[in-house]
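Here are my notes on this model.

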Amino acid sequence: MTLLRQIDLYDTDTVSPNVMLRAHWAVRKKWKQKYQQLFSDWLQQNGDFTCPKPVHIDITRCVAGRGKMMDPDNLVGSVKLLIDALRECGILYDDTPECVSIQVNQKWSKQKCTRIAFYQSD
């Protein structure tokens, strides 16, 4: 696979589905808008970028300090708002299985961040 682009969102974390399910719909909307703003800012700084179809996305949640690792099922669900925001900003054409494959990881790090890497299949 060939790396197309990488987006590092420092001091940003994904939202656990356990938290998401208990949150008011307006709070969930604000989380999604926050991601959309981060991606819009990134696009302004780095130029337009639209992923080809199909694309593989590798998302790494970097946990720092007293942060906690998520259970695997929560980890996968935590990227839903992130993927929706990528689609809304035009970085992803669509989030259907024909267009996107996703892998989600987490690791300990010195700084909290969410790293999104886009790969084109060879």
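1. Start with F118. Leaving aside residues up to four places away in sequence, F118 touches T2, L3, L4, R5, I7, F49, C51, V55, H56, I57, L86 and I91. Keep in mind that this is a predicted model.

2. F118 also stands out in the core. The largest nonpolar core has 28 residues, and F39, I57, I91, I116 and F118 touch the most other members. At least two residues of this core come from each of β1, α2, β2, α4, β3 (100-108) and β4. The largest share, 5 residues, is supplied by α4. As background, nonpolar side chains tend to be buried together in soluble globular proteins.

3. Next, the strand pairing. β4 pairs with β1 in the antiparallel sense, over 8 bridges. Within that pairing, I7 has I116 in β4 as its bridge partner. β4 is also joined to β2 (residues 55-63), by 7 bridges, and these two strands run antiparallel as well. Here T60 has R115 in β4 as its bridge partner.

4. Now helix α2. How far apart are the end C-alpha atoms of α2? The helix covers residues 25-46, which is 22 residues. At 1.5 Å a residue it should span 32 Å, and its end C-alpha atoms are 32 Å apart, so the two values agree.

5. Which residues of α2 are buried? They are Y35, Q36, F39, W42 and L43. Seen down the axis of α2, these buried residues fall within an arc of 120 degrees, so they line one face of the helix. Their cover includes β1 (2-10), α4 (80-88) and β4 (113-120). On the other side of α2, K30, Q44 and Q45 are exposed.

6. S40 also belongs to helix α2. Is S40 buried or partly exposed? Its relative accessible area is 30%; buried would need under 20% and exposed over 50%, so S40 counts as partly exposed. S40 and E88 are 48 residues apart along the chain, and their C-alpha atoms are separated by 10.0 Å.

7. Backbone points to check. The peptide bond from K53 to P54 is cis, with omega near -15 degrees. P54 sits in the loop between α2 and β2. D11 has a phi near 55 degrees, a positive value in a residue other than glycine. D11 is in the loop between β1 and α1 (17-22). With 53% relative accessibility, D11 counts as exposed.

8. Last, the whole chain. The protein chain has 4 helices and 4 strands. From the N terminus on, the order is β-α-α-β-α-α-β-β. Its C-alpha atoms fill a box of roughly 35 × 30 × 30 Å along the principal axes. For 122 residues, a compact globule would have a radius of gyration near 14 Å; the chain has 14 Å, which agrees. Of the 122 residues, 39% count as buried. Among contacts with a separation of 6 or more, 85% are between residues 24 or more positions apart.

Note on methods:
Residues numbered from 1 in each chain as written. Predicted model: local features only at pLDDT ≥ 70, side-chain atom pairs only at ≥ 80, totals over all residues. Heavy atoms only, no water. Expected span 1.5 Å × (residues − 1). Buried < 20%, exposed > 50% of the residue type's maximum accessible area, 1.4 Å probe, protein only. Arc of directions from axis to C-beta. Contact = heavy atoms within 4.5 Å. Pairing = 2+ DSSP bridges. Core = buried A, V, L, I, M, F, W, Y, C linked by side-chain atoms within 4.5 Å. Rg over C-alpha atoms; globule rule 2.2 N^0.38 Å.
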